[in-house]
Amino acid sequence: MKLQLALDRLTKEECLQVLAHTHQMVDIIEIGTGIIKEYGMSLVRKIRDLYPHNILLIDMKTCDAGKHEAKQAFAAGADITTAMGFSSNQTIIDMLEVAKKENKQVLVDLLGINSDKRMNELQDLGVNLVGLHVGKDEQKETSFSTELFSLVKGLEFNVAVAGGINLTMVPEIKKYQPDIIIVGSAITKAENPDKTAKLFKSILQ
Ligand SMILES: O=C(CO)[C@H](O)[C@H](O)COP(=O)(O)O
């Protein structure tokens, strides 16, 4: 089970500071959508250069122009880019094609997806990595629940989970054996991000 650290709603300096203290404890560094919008690919390149040994996911949340945005993400150094599950099939097909050529990956974010029909379509398109996700705004009303795993039950996906995940929630989530646990604020806003990342890592091992 891999630990992914999501950098969101931080300044560039805060991102670099958190990473300096935590990169050894995390498997995947995620550069969040808002950070990419603020600082662009130059920060992605900088983090790629600083941390060549971590897997780098950039949360493009692409929903159109899939080919172009996947190429952009991989050219900047991403190992994984993200697409929204509600995107057109063509967008997802194009992104998977670019990823395959470059030996990279696409994570399909299931934010807002709740139909088995769409899940089957995604599987038929060749998607192999999906994210069960409770969004930041949704978190005001609800928190991550393991009921979300029903969406991937019986399907062949590698699964990431995200959305306000904290240390207390991990033992229950672990029972479902997701491939990746994505943690943002619980680490980045902690008093001691390094200590907290270490605790997450030790629970996952
Ligand atoms: O994709 C995201 C927001 O769109 C975040 O990466 C994800 O929600 C994790 O952050 P947090 O643990 O703070 O919710």
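Author: What follows is a conversation about the core, the ligand shell, a helix and some backbone angles.

Author: This is a predicted model, in which local features need pLDDT of at least 70, side-chain atom pairs count only at pLDDT 80 or more, and totals for chains, interfaces and linings use all residues. Residues are numbered from 1 along each chain as its sequence is written.

Reader: Which residues touch the most other members of the largest nonpolar core?

Author: They are I58, V161 and V183, in a core of 58 residues. A nonpolar core here is a set of buried Ala, Val, Leu, Ile, Met, Phe, Trp, Tyr and Cys residues joined through C-beta atoms within 7 Å. A residue is buried if 20 or more other C-beta atoms lie within 10 Å of its own, exposed if 12 or fewer, and partly exposed in between, with C-beta atoms placed from the backbone.

Reader: And what is V183 in contact with, leaving aside neighbours within four places in sequence?

Author: V183 is in contact (C-beta atoms, placed from the backbone, within 7 Å) with L3, L5, A6, I165 and F200.

Reader: Which residues come nearest to the ligand?

Author: Of the 16 residues around the ligand, those that come nearest are A6, A162, G164, G184 and S185, where a residue counts as near if its C-beta atom, placed from the backbone, lies within 6 Å. Strand 8 (180–183) and helix 7 (185–188) each supply at least two residues of that shell; helices (H or I, at least four residues) and strands (E, at least two) are DSSP runs, numbered from the N terminus.

Reader: Switching to helix 4, which of its residues are buried?

Author: The buried ones are T91, I92, D94, M95, L96, V98 and A99, and they pack against strand 3 (55–62), helix 3 (66–75), strand 4 (80–84), strand 5 (105–109) and helix 5 (116–125). Just after helix 4, N103 takes a positive phi of about 60 degrees.

Reader: Where is R9, and what is its phi?

Author: R9 lies in the loop between strand 1 (2–7) and helix 1 (12–22), and its phi is near 50 degrees, a positive value in a residue other than glycine. Most residues other than glycine have a negative phi. R9 is partly exposed, with 15 other C-beta atoms within 10 Å.

Reader: Is Q177 buried or exposed?

Author: Q177 is exposed, with 9 other C-beta atoms within 10 Å, and is found in the loop between helix 6 (170–174) and strand 8. Its phi is also positive, near 50 degrees.

Notes: Contact = placed C-beta atoms within 7 Å.
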